[in-house]
Amino acid sequence: MAATAIQRKEKLIERIFLLIAFSSIFSLFIIALFIFAEGLPLIWKVGLKDFLLSTRWAPTKGHFGIFAMIVSSFWVTIGALLFGGPLGLMCSFFLVEFASDRLRAFIKPALELLAGIPSVVYGFLGVVYLVPLVRDYLGGPGLSLLTASIILGIMILPTVISISVDALVAVPDSYREAAFSLGATRWQTTYMVTVHAARSGIITSLVLGMGRAVGETMAVIMIAGNALKIPLSPLDPLRTLTSNIALEMGYASGMHRQALFATGIVLFFFVMALNTIATVYARRKRIK
Amino acid sequence: MAEFILEIKHFNLFYGDFPALKDLSFSIKEHTVTALIGPSGCGKSTLLRSFNRMNDLIQGVRTEGEILFKGENIAQNGINLVALRQKIGMVFQRPNPFPLTVRDNITFGPRVMGEKKADILEAAVEKSLTRVGLWKVLKDSLEKNALSLSDEQQQRLCIARLLAVKPEIVLMDEPCSALDPIATLRIEELMLELKKRYTVVVVTHNMQQAARVSDETGLMYLGELIEFDNTKKIFTTPSQKITEDYVTGKFG
């Protein structure tokens, strides 16, 4: 039987939607292509080892080592995890296991609002309130690893909380019933049973939170001090990979510009690795 | 023997305004198996869950009357629920071992009570698993994830997990409904074994099961206790018409 006009129209619409859906993947592909096309020649010229493991970054004089920034990004991410991880997890434990329905209905939207605050506002608050506090009470310039970690820790809260809340909610109530019926308190039930059952989702939430922290730029520029060296204490200023790109892209040209794109490649792999870990853990959960 | 361990006196339970249990009065003897039977929705599980206050987890539940456990009213407010649930434990309809190792499942109860000594925990593992007939099978796989066991083994493990808490009463809410007939028979044997040390109250849909394992049987219908008596009597010469109709399969 020949296709009717309606069926042909249906097919056409299907194609159009497919095309639109692919355009987002296409843009990802284009971005990756450009970063690699711009950045790879520099890595080739400088050498991967010198690029990644040298601490000398003086692009106008031909030195392109980003090791200090890699270390800085690493520490800032770990720092954010140290502050945001426990806080976010405790918050999600409270929301799922302890809070009444009414309290939860109030807190959850408020937390989602947290995700909607522009990062420049976080940075601003950090500069105005947190930086002087750290400088006056702990010493150093105030613009530091510690300050950036605290602010980033707060910024990753929505990611950590929303994903770990989903994971905890997915834990069957039969586990909780069993634990209560054995005389366990809510907290015992939470840390002895529920957390184990939701482990993969909780790890996913932390890893994606790290992904958020490693990619954050604006707030970090404002509060981390941007000094080009390996931080030796939490009170030292530092410059992350993202900060460096944002700070120098405006005036960079030639090899300098290529070096910034190459930095993008490194970030690209960082985030890819974190997302892959998160996906692997999320999948493990589903199989169970 | 023949001491009453549980005495239910004019007990009522409401879900909001709905009366789910109406003026129940009966007593349960120590070291017996008591079966609660009746059609779905008759309130037998609700009653069972009143004995260790699991209904407290549901919002809007209110009770009247008394349930005396060794003379103490456990239906009143302000009772220590943690201590109560350690004395009156529960086995659920679907086996619900924790997604932990066999060992961690068994030691959960003792650890909850603050036991930390490894040798005491080990002893509890062996003793509890032995009592449910799993020790020989599982002694070399204590590190196995409990979810990888068969349904019957999981249910036995749940019973063992409960025994490690040293309860006095074991409540069982249709403990065999997820098991095949052979596993069911073996769990029933276990119930008879358990009543030597514990008091067992079992809710069941399966009338043959009630007839096989219980000493006394209560028939519930629409939230009321129609008849509570010696199991033999309930199944042969019941005094109520409803009981006779139910045990002969005319309804339910």
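This is a guided tour of a predicted two-chain model, taken one selection at a time.

Residues are numbered from 1 along each chain as its sequence is written, and chains are lettered from A, with ligands numbered from 1, in the order in which they are written. Because the model is predicted, local features need pLDDT of at least 70 and side-chain atom pairs count only at pLDDT 80 or more, while totals for chains, interfaces and linings use all residues.

**Chain A**

Select chain A to begin, where there are 13 helices and two strands (helices are DSSP runs of H or I with at least four residues, strands are runs of E with at least two, and both are numbered from the N terminus). Its C-alpha atoms fill a box of roughly 75 × 70 × 35 Å along the principal axes. Of its 288 residues, 41% count as buried, a residue being buried if 20 or more other C-beta atoms, placed from the backbone, lie within 10 Å of its own, exposed if 12 or fewer do, and partly exposed in between.

Now pick A:I151, which, with B:L171, has the most contacts inside the largest nonpolar core, a set of 144 residues; such a core consists of buried Ala, Val, Leu, Ile, Met, Phe, Trp, Tyr and Cys residues joined through C-beta atoms within 7 Å. The largest share of this core, ten residues, comes from helix 3 (residues 67-98) of chain A. Leaving aside residues up to four places away in sequence, A:I151 touches A:Y122, A:G126, A:L130, A:A219 and A:I223, where contact means that C-beta atoms, placed from the backbone, lie within 7 Å.

Move to chain B, which has ten helices and ten strands. The radius of gyration of chain B is 18 Å, close to the 18 Å that the globule rule gives for 252 residues, so chain B is as compact as a globular protein of that length (the radius is taken over C-alpha atoms, and the rule is 2.2 Å times the number of residues to the power 0.38).

Next, show the open sheet of four strands in chain B, whose order is 2-1-4-5 with antiparallel pairing; two strands pair if DSSP finds at least two bridges between them. Its edges are strand 2 (18-29) and strand 5 (72-73) of chain B, each of which pairs on one side only. Strand 1 (residues 4-15) of chain B pairs with strand 2 of chain B over eight bridges, and likewise with strand 4 of chain B over eight bridges. Centre on B:E7, which stands opposite B:S27 in strand 2 of chain B and has B:L68 as its bridge partner in strand 4 of chain B. In the hairpin of strands 1 and 2 of chain B, which has two residues between the strands, B:G16 takes a positive phi near 65°.

**Where the chains meet**

Finally, display both chains: 21 residues of chain B are in contact with 15 residues of chain A. On the chain B side, the elements that give two or more residues are helix 2 (81-87), strand 6 (88-91), helix 3 and helix 6 of chain B. The residues of that side divide into 13 nonpolar, five polar and three charged (Ala, Val, Leu, Ile, Met, Phe, Trp, Tyr, Cys and Pro count as nonpolar, Asp, Glu, Lys and Arg as charged, and the others, Gly among them, as polar).

Methods. Contact = placed C-beta atoms within 7 Å.
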